[in-house]
Amino acid sequence: MILDIEDMDAILEQFIAFMRDGSDESLELTQINDILSEVAAQFSQQTTINLHLEHDLPTIALKRTAIKRLVGNLVNNALRYGQAPIELSSHASRFALELTVRDHGDGIEESQIPELLQPFVRGESARTTQGSGLGLAIVARIVKMHKGTLNIRNHPQGGLEITVSLPLPKANRPSNITNT
């Protein structure tokens, strides 16, 4: 009964997070590597997390708590449905900051990927009773709020890889990067 109550509490928390999407949060100058490091530390007791952080990334205005929730949801999904180790990485292109979360599980059927972003939908491989099906829907909302893009794919070497690209304002674009 205690486990059922904990599951219901987690589902209600996810539903509240979905409804309170962070749109009322103020933008804050943020270093994305700080958020990735904080989330890695938060989950380090539960699994192996490997950080691959590009140095000297530009600081950008983000809704910090919302982005931290986004990364936390992605790591939580990787824990629940994937396999360790979980890889967290950051990268800057000329026009965007990218953060990637990858697990080393079986991945997911390609045809199911678009459905994962719908509220209350869980992948076929989510055979547990845990979860509300809101984790990736919350992620998608936060990405959209930041005018970013979300790419979900099966990694060629196994596992699911999710990349969030957040646009860099012209003032924050690194001049030493030539790729797009």
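**Group meeting talk: a core and its salt bridges**

Glu-161 is buried, at 13% relative accessibility, where buried means under 20% relative accessible area, exposed over 50%, and partly exposed in between, with a 1.4 Å probe and protein chains only. Hello everyone, let me start from that residue.

A word on the source: this is a predicted model, so local features need pLDDT of at least 70 and side-chain atom pairs count only at pLDDT 80 or more, while totals for chains, interfaces and linings use all residues. Residues are numbered from 1 along each chain as its sequence is written, and side-chain values use heavy atoms, with hydrogens and water left out.

Back to Glu-161, then. The side chains of Glu-38 and Arg-64 meet at 2.6 Å, N to O. Glu-38 lies in helix α2 and Arg-64 in helix α3, so this pair ties together parts that are 26 residues apart in sequence. Helices (H or I, at least four residues) and strands (E, at least two) are DSSP runs here, numbered from the N terminus. Glu-38 is partly exposed, with a relative accessible area of 29%, whereas Arg-64 is buried, at 18%.

Glu-38 also meets Lys-68 in a salt bridge, at 3.0 Å, N to O. That pair again links distant parts of the chain, with Glu-38 in helix α2 and Lys-68 in helix α3, 30 residues apart. Lys-68 is partly exposed, with a relative accessible area of 29%.

Now for the core. A nonpolar core is a set of buried Ala, Val, Leu, Ile, Met, Phe, Trp, Tyr and Cys residues joined through side-chain atoms within 4.5 Å. The largest one has 37 residues, and among those with the most contacts inside it are Ile-32, Ile-67 and Leu-70. Elements that each supply at least two residues include α2 (32–43), β4 (86–92) and β7 (160–167). Which element gives the largest share? That is α3, with 7 residues.

Last, please click on Ile-32. Leaving aside residues up to four places away in sequence, Ile-32 touches Leu-57, Leu-62, Ile-67, Ser-90, Leu-97, Leu-99 and Leu-166, with contact meaning heavy atoms within 4.5 Å.

Notes. A salt bridge is a side-chain nitrogen of Lys or Arg within 4 Å of a carboxyl oxygen of Asp or Glu.
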